[in-house]
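Subject: Structure handover

Hello,

Here is the structure I promised to pass on. Please open it alongside this email.

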Amino acid sequence: MTESTPLLAALGDALEASAAADLASSRARLPRRRSRRLVALVAVAAAAVVSGASFAAVELTSNEEVAASLPAGSLWLAGTEPSCTTVTQDVEYHCVLGKAPANAISDWKGTVEPTVDATKHVNGGCRSLASDGREWECYLGQAAVDQQIVSAGFLGQEVTGPGVG
């Protein structure tokens with residue numbers, strides 16, 4: 001449960017009560033006409049629920065989940081035993097590989113690879129900081145797009161397995 005959950009519940013209760021009262025008064029005046037106020041309240045409630053769900057999903061990202069997302073995104077990083085530390089929670093992580101990646105690239109520095117979460121969706125990407133490919137800076141969500149690691153159209157796409165190449 002996040003800190004925002006009680007706030008969202010209270011907001012939902014208040015919106016429900018307000019919508020019910022508005023609906024009752026609207027029915028008394030014009031039985032078939034929808035109130036603009038009711039439509040606005042429903043829109044605000046939907047936005048709050050979506051924002052709260054997004055916040056909760058991002059809040060659960062751990063260093064271990066980010067580490068697991070590297071080899072899930074690139075077959076070249078399979079078996080590398082990454083470990084990650086938080087730079088900026090839910091945005092940026094510094095990762096070090098326990099074993100060097102496949103020797104498919106002679107100089108890994110600057111190479112970018114997508115990351116894939118446990119639901120098999122592209123959730124961000126990483127850039128190699130070292131020629132031997134054992135040090136990476138990883139970004140989740142829009143930060144990976146801003147860093148030009150993955151495109152906005154690729155972010156969130158479902159994948160069937162680690163990419164090659």
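Below is what I found, going from the overall fold to single residues.

Please keep in mind that this is a predicted model.

**Fold**

The protein chain has four helices and five strands. Their order along the sequence is α-α-α-β-β-β-β-β-α. Of its 165 residues, 32% count as buried. The chain exposes about 9900 Å², and carbon and sulfur atoms supply 59% of that area. Among contacts with a separation of 6 or more, 51% come from residues 24 or more positions apart.

**Cores**

In soluble globular proteins, nonpolar side chains tend to be buried together. Here, the largest nonpolar core has 13 residues. Val 66, Leu 70, Cys 84, Tyr 93, Cys 95, Trp 136 and Cys 138 have the most contacts inside it. Three elements each supply at least two residues of this core: helix H3 (63-73), strand S2 (92-97) and strand S5 (135-140). Another core lies apart from it and has nine residues, including Val 116, Val 122, Val 145 and Val 159.

Leaving aside residues up to four places away in sequence, Val 66 touches Thr 61, Cys 84, Tyr 93, Cys 95, Cys 138 and Leu 140.

Ala 67 also lies in helix H3. Ala 67 counts as buried, at 8% relative accessibility. With residues up to four places away again left out, Ala 67 touches Pro 82, Ser 83 and Cys 84. Thr 85 is 18 residues from Ala 67 in sequence, and their C-alpha atoms are 9.0 Å apart.

**Tryptophans**

Which residues form the aromatic cluster? Trp 76, Trp 108 and Trp 136 do, as one cluster. The structure holds two aromatic pairs.

Take Trp 76 and Trp 108 to begin with. Their ring centres are 5.8 Å apart and their planes stand at 90°, so the pair is edge-to-face. Trp 76 sits in the loop between H3 and S1, and Trp 108 in the loop between S2 and S3, so the pair ties together parts 32 residues apart in sequence. Trp 76 is partly exposed, at 22% relative accessibility. Trp 108 is buried, at 2%.

Now take Trp 108 with Trp 136. This pair is edge-to-face too, at 5.9 Å centre to centre and 65° between the planes. Trp 136 is in strand S5 and Trp 108 in the loop between S2 and S3, so this pair ties together parts 28 residues apart in sequence. Trp 136 counts as buried, with a relative accessibility of 0%. Trp 136 is also one of the residues with the most contacts inside the 13-residue core.

**Salt bridge**

How many salt bridges are there? The count comes to one. Lys 99 pairs with Glu 81, and the closest N and O atoms are 3.4 Å apart.

Best wishes

Terms used: Residues are numbered from 1 along each chain as its sequence is written. This is a predicted model: local features need pLDDT of at least 70, side-chain atom pairs count only at pLDDT 80 or more; totals for chains, interfaces and linings use all residues. Side-chain values use heavy atoms; hydrogens and water are left out. Buried means under 20% relative accessible area, exposed over 50%, partly exposed in between (1.4 Å probe, protein chains only). Contact means heavy atoms within 4.5 Å. Accessible areas come from the Shrake-Rupley method with a 1.4 Å probe; for residues, only the protein chains shown count as cover. A nonpolar core is a set of buried Ala, Val, Leu, Ile, Met, Phe, Trp, Tyr and Cys residues joined through side-chain atoms within 4.5 Å. A salt bridge is a side-chain nitrogen of Lys or Arg within 4 Å of a carboxyl oxygen of Asp or Glu. Rings of Phe, Tyr and Trp (its six-membered ring) pair if their centres lie within 6.5 Å; planes under 30 degrees apart count as stacked, over 60 as edge-to-face and the rest as tilted.
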